[in-house]
Amino acid sequence: SSAAFFLGMIRAVLVFNNNGKARLIKFYETLSEEMQQTLLREAFLLVSKREDDICNFLEGGCNLLPGQDCRLIYRHYATLYFVFCVDSTESELGILDLIQVFVEALDKSFESVCELDLIFHSDKVHFLLNELIIGGMVLE
């Protein structure tokens with residue numbers, strides 16, 4: 001018998017500060033500028049009003065990307081939110097671990113990453129992200 005394997009897909013990686021100002025935006029599918037801005041705004045509104053001690057997964061992101069399967073998985077570190085928009089086949093715990101790995105890589109590169117590092121060294125930040133994710137797929 002043949003087994004079908006469904007690989008999860010990361011649709012977007014968003015990093016914004018506590019005021020909703022984008023510090024890193026990476027989309028893995030083609031979206032209009034308007035759609036990208038809507039996703040960023042809505043993601044910020046959804047995660048910023050949540051308490052820090054509740055679940056880091058948000059279902060029902062179908063309103064974020066109409067007609068598409070979309071969930072938000074995020075972590076809040078100091079002044080930054082790291083938000084991954086993924087489809088329903090992606091593992092929540094796997095993505096939380098990936099966020100942790102990404103933040104640790106940033107910390108190692110910048111000796112305790114801060115918001116200014118993301119602003120002034122965006123090329124290095126994108127390079128680190130591309131070491132982990134290519135085309136919406138997590139690299140092993």
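Author: Helices (H or I, at least four residues) and strands (E, at least two) are taken here as DSSP runs and numbered from the N terminus. Read that way, the elements of the chain follow the order β-β-α-β-β-β-α-α-α-β-β, which gives four helices and seven strands. Residues are counted from 1 along each chain as its sequence is written. This is a predicted model, in which local features need pLDDT of at least 70 and side-chain atom pairs count only at pLDDT 80 or more, while totals for chains, interfaces and linings use all residues, and side-chain values rest on heavy atoms, with hydrogens and water left out.

Reader: What average pLDDT does the chain have?

Author: The average is 86, and 87% of the residues score at least 70; pLDDT is the predictor's confidence in each residue, on a scale from 0 to 100. Over residues 1–6, however, the pLDDT is below 50, and beyond near neighbours in sequence that stretch has one contact in the model, a contact being heavy atoms within 4.5 Å. Where pLDDT is low, the predicted coordinates should not be read in detail.

Reader: Now the sheet: in what order do its five strands come?

Author: The order is E2-E1-E5-E4-E3, in an open sheet with antiparallel pairing, where two strands count as paired if DSSP finds at least two bridges between them. Strand E2 (22–27) and strand E3 (57–58) are at the edges with a single partner strand each, so one side of each has no neighbour in the sheet.

Reader: Is E5 buried or exposed?

Author: Seven of the seven residues of strand E5 (residues 80–86) are buried, so the strand is largely enclosed by the rest of the structure; buried means under 20% relative accessible area, exposed over 50%, and partly exposed in between (1.4 Å probe, protein chains only). Leu-80, Phe-82, Phe-84 and Val-86 point one way from E5, while Tyr-81, Val-83 and Cys-85 point the other way, and all are buried. E1 is mostly covered as well, with eight of its eight residues buried, and across the chain buried residues make up 41% of the 140 residues.

Reader: Switching to charges, how many salt bridges are there?

Author: The count comes to three, where a salt bridge is a side-chain nitrogen of Lys or Arg within 4 Å of a carboxyl oxygen of Asp or Glu. Glu-29 and Arg-11 meet in one of them at 2.9 Å, N to O. That pair links distant parts of the chain, with Glu-29 in the loop between E2 and helix H1 (33–48) and Arg-11 in strand E1, 18 residues apart.

Reader: Which residues pair up in the other two?

Author: Glu-115 pairs with Arg-23, the closest N and O atoms being 2.7 Å apart, and this links helix H3 to strand E2 across 92 residues. Arg-71 pairs with Glu-92, with the closest N and O atoms 2.4 Å apart, and this links strand E4 to helix H2 (residues 92–110) across 21 residues.

Reader: In that last pair, how accessible are Arg-71 and Glu-92?

Author: Arg-71 counts as buried at 5% relative accessibility, whereas Glu-92 is partly exposed, with a relative accessible area of 24%. In the other pairs, Arg-11 is buried at 13% and Glu-115 is buried at 17%.
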